[in-house]
Amino acid sequence: MTNNFNWPVSAKQLLEKTENLTKSGSWCIDVEANTLFWSLHTYELFERSSHEPPSVDEAVKYYCSPYDQIILDAIDNAVEKSKPWCLKAQVITEKGTTKWIKTCGSVFESVAGKTFLFGSIQDISSSHANLTELERQTVALNTILDNLVDGVITIDSKGIIQGFSKPAERIFGYQASDVIGTNVKILMPQPYRREHDQYLKNYNKTGKKKIIGIGREVIGARKDGSTFPIELAVSETDTPNGKRFIGMVRDITQQKKAAEKIEFLSHYDELTRLPNRTRLIEQVETWGAEAKITVACINIDYFRRINSVLGESVGDEVLAVVAERIKLNVDANALLAKDLADKFIVAFTHAHCPEQASLAQIQSLLPLMREPVQTSHSHKIHVTVSIGIATLNKGTNSNHALVNAESALASAKAQGRNRLSIYQELMQSNLQHDYALETALHNELECIDTGCETGLKCWLQSKVGRDYKTLGAEALIRWQLGDRMVPPDEFIPLAEQLGLIVPIGHWMLEQVAQVIKETNKPVAINVSPKEFLHEGFTAQIFETMNRVGAPTERLIIEITENLLLQQHQKVLSIMKTLDQAGVKFSIDDFGTGYSNLSRLQWLPVSELKIDKEFIQSAFESERDRNLLDSIILMAKQMRVSIVAEGVETGLQATYLKDSGVDLQQGFYFHKPQPEKDWIKNITSSKSRGA
Ligand code: C2E
Ligand code: CA
Ligand code: CA
């Protein structure tokens, strides 16, 4: 190409001028000679002090990895395939400065047939920094969006999806690439699809927004066609490409399920799916205030024992079987409910099922329940129930009937379980009897206050060690009323009801302190929950033991599992205070109550007393013996000592000893005896050097 242009400068000068203007350098490679030419600006870019041109290899070394390899490949490609290139790379200059550069190269064939490569090089560090900041922000934003629980979906004003975050992919089951560019209606089932078109049209026309900024519940459709509840909040933004709606979408399936479950549980029992007590009362109320009703409370005997030893899944199966047996055996119009733990309630209205018929149906449950329950764990479980029944012939509220049925149930249990007790009968006989006892008991306490001789007696029953020698005792109260010896089971519950248990307990403590003082043996005292939780209980113990001069380390307090279910914090703090003074705690009647072994390990308990009925039944059924063995094993692991009470035969004693029971108590060894006799025995055996 020729023209008449008069060049004012040489080619080299022109190159330098242009380079100054564009802030770029040039280079040229003689491929055969493997030599390199750099322009002035290229030297400056690489901050190379000597203007001696580097070799091609030296020049490539300025490039950071992986750009050194990329540039070598580009050179090869250009030589072999005449392919030009343009790329961004990171270099480190002679002085150690890191720079981002853009370099382009191409082939230049000389006349002599020699191959040259030439190209430009430009420092783009500042613009690269800006770009990466933007890129960094975008990456950060996407990371946030991808890690949200909520899905983020962007649509344009026509409803076309522009963005679909990772969580949105998870929620809807679509890949972003499946849905970007399609209408957002794809994510909605009918009739939302139809409504959405209309909604967008209206909005674009009137600007009236129904859902902007507000979270609301809608239904979404997954790729597989299933629908699910979502919470949707939409915001609006203007972009250079027009209006965009950004929807935050949350899958609320789990939340909804939880809410439904809570609703269900407030009226139903989860396991048996029967109505609960609240629901039953609501239903009974619909019978009308004038309805005559019969209510039965049915309680599985020793259910907790099954639960704590065989595990809750076995317990659950037993509950389900019992529920089924009751359901099959009572009138179809009767209402059946499941109360707390192991209690069922049946309510009859006499309009459907007269009193005698309902009684007969409930009565027939007793033999029916004795059929063994075969569980899937191949345990064969013998279940019995205790039942309390109350009838209301005048319109009274159903809760009242329930409370009556419950006290009848308590009486059925007190009479030895596996039986039915009817409320009315109970009232007639018990009330008169209780009244007479109540008066006598008040007199007794007055007598204690004034110092006259009391009919209350402290008896002691020995506890023996592995060698069957007496190690200590349990104090048991007796009441001499005229020529009758009233057993504690008869007056202690009454004293508890009347609040008289506190002064009675105080009297007993006084006797026990004396026994400890005289024998220096550990003595256990029974303390009912009312006494234990009574204000000043600990102070009274310290005061009495101190005054009498009996060491607190010798005092054992027997409490029942029931206490541990009440006012947990208070019970724990009382136990801790006494424990610090060396007082020991023993869990009485273990195996009949509601707590389990694992709960006990948080308490300062040093002894478990296995209930005497439990001991007895262990020698009657293999299942109960297995339960007993498990309890002993678990207690060993928890490092609490085991006391077996109610041991009546030598066979039992040997078995228990061999099973690892530390202490035994029962008629086989010693019957309870008056305080004085026990002390005499101990002190004489001591002096005999036993
Ligand atoms: P408990 O604490 O379970 O006491 C053990 C009961 O088993 C005692 O009945 C005892 O006489 C009896 N017993 C001991 N060995 C055998 C045996 O080999 N076979 C059988 N069948 N029974 C045996 P007791 O003295 O009639 O006491 C009954 C309950 O009254 C006690 O049960 C305890 O809960 C309560 N009690 C006794 N004294 C007091 C007291 O001072 N204060 C309080 N709050 N309750 C007391
Ligand atoms: Ca006891
Ligand atoms: Ca006991």
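Residues are numbered from 1 along each chain as its sequence is written, and chains are lettered from A and ligands numbered from 1 in the order in which they are written. In this predicted model local features need pLDDT of at least 70, side-chain atom pairs count only at pLDDT 80 or more, and totals for chains, interfaces and linings use all residues, while side-chain values use heavy atoms, with hydrogens and water left out.

Donors are N, O and S atoms within 2.8 Å of the metal (3.2 Å for Na, K and Ca); water is not among the atoms, so sites may look incomplete. Glu-474 belongs to strand β19 (residues 470–481) and Glu-558 to strand β22 (residues 555–560), so the pair ties together parts that are 84 residues apart in sequence. Helices (H or I, at least four residues) and strands (E, at least two) are DSSP runs, numbered from the N terminus. Both Glu-474 and Glu-558 are buried, where buried means under 20% relative accessible area, exposed over 50% and partly exposed in between (1.4 Å probe, protein chains only). Asp-588 also bridges to a further ion: the calcium ion (ligand 2) and the calcium ion (ligand 3) lie 3.9 Å apart.

Asp-588 is also among the contacts of Ile-559. Leaving aside neighbours within four places in sequence, Ile-559 touches Val-527, Phe-532, Leu-564, Met-575, Phe-585, Ser-586 and Ile-587 as well, contact meaning heavy atoms within 4.5 Å. In the largest nonpolar core, which has 76 residues, Ile-559 is one of those that touch the most other members, along with Phe-532, Leu-555, Ile-557 and Met-575. A nonpolar core is a set of buried Ala, Val, Leu, Ile, Met, Phe, Trp, Tyr and Cys residues joined through side-chain atoms within 4.5 Å. Helix α18 (residues 501–519) gives the most to this core, 10 residues. A second, separate core has 31 residues, including Val-318 and Phe-348.

Val-318 takes part in a helix pair: in α12 it is among the residues that meet Phe-303, Ile-306, Asn-307 and Leu-310 of α11. Helix α11 (residues 303–310) and helix α12 (residues 312–329) pack at an angle of about 145°, with axes 6 Å apart. Axes are lines fitted to C-alpha atoms, for helices over the stretch in contact, and angles run from 0 to 180 degrees between N-to-C directions.

Strand β11 (residues 293–300) pairs with β13 in the antiparallel sense over 7 bridges; two strands pair if DSSP finds at least two bridges between them. Thr-294 has Phe-348 as its bridge partner in β13. Strand β12 (residues 335–338) is antiparallel to β13 too, over 4 bridges, and Leu-336 has Val-346 as its partner there. β12 and β13 form a hairpin with 4 residues between them, and Ala-341 in the turn has a positive phi of about 50°.
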